[in-house]
Structures are given as C-alpha cells and as structure tokens.
Amino acid sequence: MPEFTTLWENGPVFAQAEHFRLSTDCVLLADFVNLSGVRRGIDLGCASGAIALLLLCRSERLHMTGLEIVADAVALARENMERNGLTERSRMLWGDIRRYRELFPSGSFDLVVANPPYFPVERGFLSPEEGRRNARGETQCTLEDICDAAAFLCRTGGSFCLVHKPERLSELFCAMTARGLEPKRLRLVCHRADSAPSLVLVEGRRGGKPGLKVLPALLLRNPDGSETEEALLIYHRK
C-alpha cells in the first residue's frame with residue numbers, strides 16, 4: 001500500500017515510487033515553468049506524477065498528460081491524481097518516449113516538461129541496481145530522444161522546459177536548436193552564492209526567434225545554511 005504524505009499545509013497528498021523520488025529537481029522545474037496561456041501539457045518520463053501534480057496545483061485550467069515506461073510508476077501516478085481529485089484533468093500513460101509518433105499527433109501540447117536522466121551511459125559511474133540506473137542514466141532515453149519528442153509534441157510557439165546538469169548545457173542547447181526549440185530562458189541553481197551551479201533550468205520555444213534571457217541565479221541556502229526566502233516560498237514553507 002503506497003504511503004501518502006501531505007506536501008505542504010492544506011496542499012496535495014503524494015506517494016513516491018521507489019526509484020523516482022520527489023526531488024529538488026522536480027520542485028524547482030515545476031516552479032520555473034511559465035503557465036501563462038498553457039492548457040495542455042505533457043511530462044516526458046513522469047515517474048509517479050510529481051511534476052504534473054505540482055503544475056496542476058498551480059493552474060485550474062491545465063490538463064496534464066504523463067508518459068512513463070515503468071508500469072508500476074504509472075499506476076502510482078494515476079493513484080496520486082485520483083487521491084487529489086485530478087483524474088479529469090490528467091492522463092497518466094504507460095509508454096516509451098522514443099515511440100512518441102505512435103502515441104500522439106504532432107503539436108498536441110502547449111507545454112512539454114522533462115526531468116530526464118542526466119548521465120550518458122558511456123560517461124561516469126552508473127548504479128548497478130537497475131531501477132536507480134535507469135532513473136539517473138540514459139539507458140532507455142537520451143537527451144536527443146527527449147528533444148526529438150519535445151519538438152514533435154510541442155505546438156509552434158509552445159514551450160519546452162527541463163532541468164539538467166550545467167556540464168551538459170552546451171549539448172542541450174545544440175540538441176534543442178537543431179530541432180527548432182530555441183532556448184529562451186535560463187536559470188542556474190546554486191546551493192549558496194559562492195557555490196558553482198548544481199542544476200540548470202531551461203525553457204525553449206518551438207519555432208522561437210533567437211534571444212536568450214539569463215535570469216538571476218536561484219540560491220537555495222543563505223551563508224548561515226538556512227533556506228533562502230525564495231526556496232521557502234517555492235516549497236510552500238512560508
């Protein structure tokens with residue numbers, strides 16, 4: 001039986017899949033997304049539905065689709081939606097991101113979001129445990145696969161938002177622009193003001209004109225180690 005917890009006071013309840021945790025990455029990405037004018041969104045690799053749930057809590061006009069290859073995670077995503085009364089505004093599907101053309105018509109969504117695996121198989125250490133390895137490494141889906149799917153699924157003028165690692169920013173921008181997803185907003189995430197970025201938040205526009213807006217860095221901690229005002233607000237702790 002899944003263990004459901006309340007994410008914040010008077011907020012939604014959520015149960016986590018074993019290898020797909022409600023991470024900082026998910027929370028920050030859901031906060032970064034601009035939902036103005038968005039009615040139809042899809043989360044590529046939705047796991048247990050965390051990002052979709054957070055976005056649905058931000059907009060009553062939004063409908064979110066989730067696509068996930070792990071069947072148990074999809075079942076839990078559906079239960080998370082049901083527990084929060086969101087079944088009519090959500091659709092959690094089992095399927096392979098790489099088969100996007102078989103699953104959806106072109107330009108089906110105003111918004112595509114993704115918290116993809118960060119590490120290429122040929123670079124660095126990947127966990128020997130299958131579930132953790134697939135969640136963190138590009139064993140089943142590469143950065144290029146994500147961008148291919150996003151470019152097909154996103155309508156012209158729609159947004160593609162994702163979180164990734166700073167060391168892959170050049171690869172990410174190249175993959176996006178090659179597929180007509182013009183990078184429009186960039187925000188670096190740092191633990192402290194004197195720390196190197198640990199994450200990047202990126203928004204691209206399908207068919208957008210060149211021109212990148214670099215936002216002030218998102219700082220998670222003050223010099224004394226306490227959470228910053230912005231972090232408290234993002235996590236609904238203030």
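Histidine 236 lies in the segment after helix 8, where helices are DSSP runs of H or I with at least four residues and strands are runs of E with at least two, numbered from the N terminus. The model is predicted, so that local features need pLDDT of at least 70 and side-chain atom pairs count only at pLDDT 80 or more, whereas totals for chains, interfaces and linings use all residues. Residues are numbered from 1 along each chain as its sequence is written, and side-chain values use heavy atoms, with hydrogens and water left out.

Although histidine 236 is not a glycine, its phi is positive, at about 60 degrees. Its relative accessible area of 41% places histidine 236 in the partly exposed class (buried, under 20%; exposed, over 50%; partly exposed, in between; 1.4 Å probe, protein chains only). A positive phi near 60 degrees is also found at asparagine 10, likewise a residue other than glycine. Asparagine 10 belongs to the loop between strand 1 (5-6) and strand 2 (13-14) and is exposed, with 77% relative accessibility.

The second largest pocket has a volume of about 300 Å³. A pocket is an open set of points on a 1 Å grid over the protein atoms alone, where a 1.4 Å probe fits and protein lies on both sides within 12 Å along at least five of seven lines; lining residues have an atom within 4 Å of a point. Of the 15 lining residues, Trp8, Val27, Leu54, Ile234 and His236 are the closest to the centre of this pocket. Two or more lining residues come from each of helix 1 (24-32), helix 2 (50-58) and helix 8 (229-234), and helix 1 supplies the largest share, four residues. The lining comprises nine nonpolar, three polar and three charged residues (nonpolar: Ala, Val, Leu, Ile, Met, Phe, Trp, Tyr, Cys and Pro; charged: Asp, Glu, Lys and Arg; polar: the others, Gly among them). Helix 2 is mostly covered, with seven of its nine residues buried; these are Ala50, Ile51, Ala52, Leu53, Leu54, Leu55 and Leu56.

The count of salt bridges comes to 11, each defined by a side-chain nitrogen of Lys or Arg within 4 Å of a carboxyl oxygen of Asp or Glu. One of them joins glutamate 230 and arginine 187, at 2.8 Å from N to O. This pair links distant parts of the chain, 43 residues apart, with glutamate 230 in helix 8 and arginine 187 in strand 8 (residues 181-190). Glutamate 230 is partly exposed at 31% relative accessible area, while arginine 187 is buried at 15%. In a further salt bridge, the closest N and O atoms of arginine 168 and glutamate 171 are 3.1 Å apart. Arginine 168 is buried, at 4%, and glutamate 171 is partly exposed, at 24%. Arginine 205 and glutamate 203 also form a salt bridge, at 3.3 Å from N to O; glutamate 203 is buried, with 3% relative accessibility, and arginine 205 is partly exposed, with 29%.

On the surface, Ile69, Val70 and Trp94 form a nonpolar patch with about 270 Å² of accessible area together. Patch residues have over 30% relative accessible area and no salt bridge, with nonpolar side chains (Val, Leu, Ile, Met, Phe, Trp, Tyr) joined within 5 Å and like charges within 9 Å. Accessible areas come from the Shrake-Rupley method with a 1.4 Å probe; for residues, only the protein chains shown count as cover. Valine 70 is placed in the loop between strand 4 (63-68) and helix 3 (71-83) and is partly exposed, at 31% relative accessibility.

Terms used. Grid points are joined across faces, edges and corners, and a volume is the space filled by probe spheres set on the points.
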